[in-house]
Amino acid sequence: MKSASTLAILASLLAVSSLHAKWSRIPIMQEKPVNVAVKGPHSAATIDSSSGIGQVDNLLNEADATAPATLSPGNSFFIVSFGKPVMVSNSSLVNDGVEGKVALSASADKSGWAVLEEKVFSAADRSINFKFAGIQAKFLKYEFVLSKGGSIRALNVTGGQTDRGYALKQDASGQKGQPMNFAGGLGGGRLVYAAPKPVNGIDSAAAFNKFEFPESDEQYRTLIYDMGQVRIMNEFSSVHSPSPVRFEVFAFDKLPEKEDWRGRLAFDPADFNNAKPVVAYEDKVGTGNIKVKPSQPVKTRYLALRWEPDFNPPAFLIESTGAVGNVTVLGPQVRTMTINGQQVQVTVDPGPAVGAGTTEGTAVVTVNVLNSSGEVVSSVTYSGAGVTGVDLSGGSIQILTGNNPNSAPNDAAPPPVATVTIDSSGSVTTQPTAVGFVLGVQPTGTTGTVTTQTAPPATGDTTSSNQNAQEIVAAVLGIDSASAEQIIAAVSSSGGDTQTAQNAVVSGVVNAGGDPAAANQTFNTGATTSTETANNILNGALNQTVTGGGLQNQTNTTTGSP
């Protein structure tokens with residue numbers, strides 16, 4: 001039998017080793033629930049009415065969960081309107097000193113209310129959570145009867161909606177567009193590490209971006225996010241337990257992961273010793289709310305947030321994390337127009353959100369030719385990592401590909417990779433552009449009368465001057481941008497002959513010192529699967545706008561030859 005002192009030493013060693021053990025990567029969540037009680041591209045939520053609550057609109061601020069709404073003792077309420085019926089099943093509020101009770105009710109028309117849940121809480125209760133059977137509601141009403149006033153913040157309502165089908169684009173400066181929290185909501189970020197392990201379950205914590213850390217001997221509470229691609233962020237925030245804490249943010253161009261003995265990716269927390277935070281803030285008072293701006297925008301794919309409480313609390317609750325940057329958002333699009341007397345419907349589904357593990361866009365563009373009864377008589381579909389949207393500004397339909405989000409010129413127009421034309425009989429013809437030919441882009445599905453051309457057009461292709469086209473082709477073929485421009489120009493002037501165009505690509509790659517085998521492979525398998533570089537360069541595929549504009553069910557009429 002081992003002596004008591006030996007057992008004590010072993011226990012001590014085990015405790016020390018556990019503190020420095022590598023963390024196992026969290027499985028990727030393909031879709032995340034999104035908060036529908038915000039003013040955002042996916043939500044039409046507004047404050048319908050309120051009484052006794054100051055700054056009530058702060059509760060719908062998607063980009064700033066730290067913004068408070070104030071309540072006084074007595075009766076007060078606010079009603080959220082979603083603009084249309086939505087499925088809801090969870091709601092939560094962060095409490096700062098408020099004490100009393102609250103009732104949550106739902107309604108379809110405000111003429112009758114169904115009470116979903118009632119809560120009694122004290123000023124010490126940081127989080128007020130509602131969980132109920134899913135219900136379709138157009139309005140939610142929160143009614144308070146308070147013995148003590150204070151503030152509330154970080155309103156969250158979730159149910160059936162996820163982040164699927166929304167694409168985000170940043171310009172090269174990260175200044176254009178509207179604020180978006182990349183760590184939650186539609187931001188596309190995915191949690192990949194959390195330490196110590198949250199007691200509310202890693203799946204729930206990752207889905208709702210809420211973390212209940214247990215009492216622990218670990219010095220830090222740490223979250224690491226993979227944004228799926230490089231993002232530009234200019235503000236970081238946290239809503240957490242009201243105790244003194246030091247808050248740090250780290251950026252990693254490449255996360256220093258290694259495989260563990262099971263072949264799974266793992267992160268060694270000792271790597272923080274060699275990293276410097278891009279921003280740090282110490283809350284000595286313990287307000288429970290931190291919002292801080294770095295000295296300059298942070299451009300990174302991997303982001304780590306760390307909290308260091310000044311003592312070991314029985315638990316440390318994180319209600320919201322923020323990593324905010326400006327974006328332009330694209331959701332699903334439907335356009336109907338007339339081309340050569342034919343009714344044509346074009347739909348763009350951006351596909352899954354771009355999060356960790358889904359860096360490549362999987363957008364789907366479908367062009368349907370309809371008869372007088374609205375039935376589809378011919379159809380062509382483009383999809384995959386190289387497809388992002390359409391340009392409907394002319395008499396034909398141009399399929400677009402993505403730009404590289406990791407370097408300039410992000411503001412250059414996305415290049416067309418294929419053209420879809422419809423004649424007066426309703427017959428459809430598809431043809432790759434010079435860029436599309438190099439990238440190996442072809443339709444992924446057709447029905448009805450569709451002719452698929454495999455060579456670029458004989459004349460009229462001017463995509464060689466497009467900077468994004470040069471950059472994408474250069475990355476796929478492993479050459480410089482100037483050589484890529486020459487290859488695109490050579491393909492454009494190939495006279496519409498497949499073999500001539502292919503020879504121009506291979507010859508150009510050889511002259512630029514590239515790999516001709518890789519160039520040939522693009523014609524057989526498509527550039528998006530030929531090399532890892534191609535996958536990386538096209539990881540902005542979900543980041544494009546429909547340049548022809550257009551809201552759902554908008555109708556345009558285009559005449560003349562396509």
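**Close-up views of a predicted model**

**View 1. The largest nonpolar core and its most connected members**. This core has 44 residues, of which Ile397, Ile399 and Leu477 touch the most other members. Helix H4 gives the most to this core, with six residues. Apart from it lies another core, of 34 residues; Leu186, Ala205, Ile290 and Val298 are among them. A nonpolar core is a set of buried Ala, Val, Leu, Ile, Met, Phe, Trp, Tyr and Cys residues joined through side-chain atoms within 4.5 Å. Buried means under 20% relative accessible area, exposed over 50%, and partly exposed in between (1.4 Å probe, protein chains only). In soluble globular proteins, nonpolar side chains tend to be buried together.

The model is predicted: local features need pLDDT of at least 70, side-chain atom pairs count only at pLDDT 80 or more, and totals for chains, interfaces and linings use all residues. Residues are numbered from 1 along each chain as its sequence is written, and side-chain values use heavy atoms, with hydrogens and water left out.

**View 2. The whole protein, for orientation.** Nine helices and 35 strands make up the secondary structure. Helices (H or I, at least four residues) and strands (E, at least two) are DSSP runs, numbered from the N terminus. Of the 562 residues, 53% are buried. Among contacts with a separation of 6 or more, 73% are between residues 24 or more positions apart. Contact means heavy atoms within 4.5 Å. The accessible surface is about 23,100 Å², and carbon and sulfur atoms hold 49% of it. Accessible areas come from the Shrake-Rupley method with a 1.4 Å probe; for residues, only the protein chains shown count as cover.

**View 3. Helix H4, residues 467–477**. H4 is largely enclosed by the rest of the structure, because 10 of its 11 residues are buried. The buried set includes Asn468, Gln470 and Glu471 as well as Ile472, Val473 and Leu477. At the helix start, a side-chain oxygen of Asn466 comes within 2.9 Å of the backbone nitrogen of Asn468. Gly478 follows H4, with a positive phi near 70°.

**View 4. A five-stranded open sheet**. The order is S14-S16-S23-S18-S21, with antiparallel pairing. Strands S14 (190–195) and S21 (279–283) are the edge strands, each pairing on one side only. From one strand to the next, the twist averages 20°. For such angles, axes are lines fitted to C-alpha atoms (for helices, over the stretch in contact), and angles run from 0 to 180 degrees between N-to-C directions. Two strands pair if DSSP finds at least two bridges between them. S18 (residues 245–252) and S23 (residues 298–309) pair antiparallel over eight bridges. Arg246 stands opposite Glu308 in S23.

**View 5. Strand S17, residues 235–240, covered on both faces**. Six of its six residues are buried. Glu235, Ser237 and Val239 lie on one side; Phe236, Ser238 and His240 lie on the other. S17 runs antiparallel to S24 (residues 315–330), joined by six bridges. S17 also runs antiparallel to S22 (residues 289–292), joined by four bridges. Ser237 stands opposite Gly322 in S24, and its bridge partner in S22 is Lys291.

**View 6. Asp96 and its surroundings.** Asp96 lies in strand S7 (residues 74–96). It counts as buried because its relative accessibility is 18%. A polar contact of 3.4 Å joins its side chain to that of Asn289. A polar contact is a pair of N or O atoms within 3.5 Å; within protein, one must be able to donate a hydrogen and the other to accept it, and residues adjacent in sequence count only if both atoms are side-chain atoms. Not counting residues up to four places away in sequence, Asp96 touches Arg126, Gly150, Ser151, Arg153, Thr287 and Asn289.

View 7. A cis peptide bond joins Ala195 and Pro196, with omega about -5°. Pro196 sits in the loop between S14 and helix H2 (202–208). Ala154, in strand S11 (residues 150–159), has a positive phi of about 55° although it is not a glycine. Ala154 is buried, with a relative accessible area of 12%. Asn209 lies in the loop between H2 and strand S15 (211–214). Phi of Asn209 is positive, near 60°, and Asn209 is buried at 8% relative accessible area.
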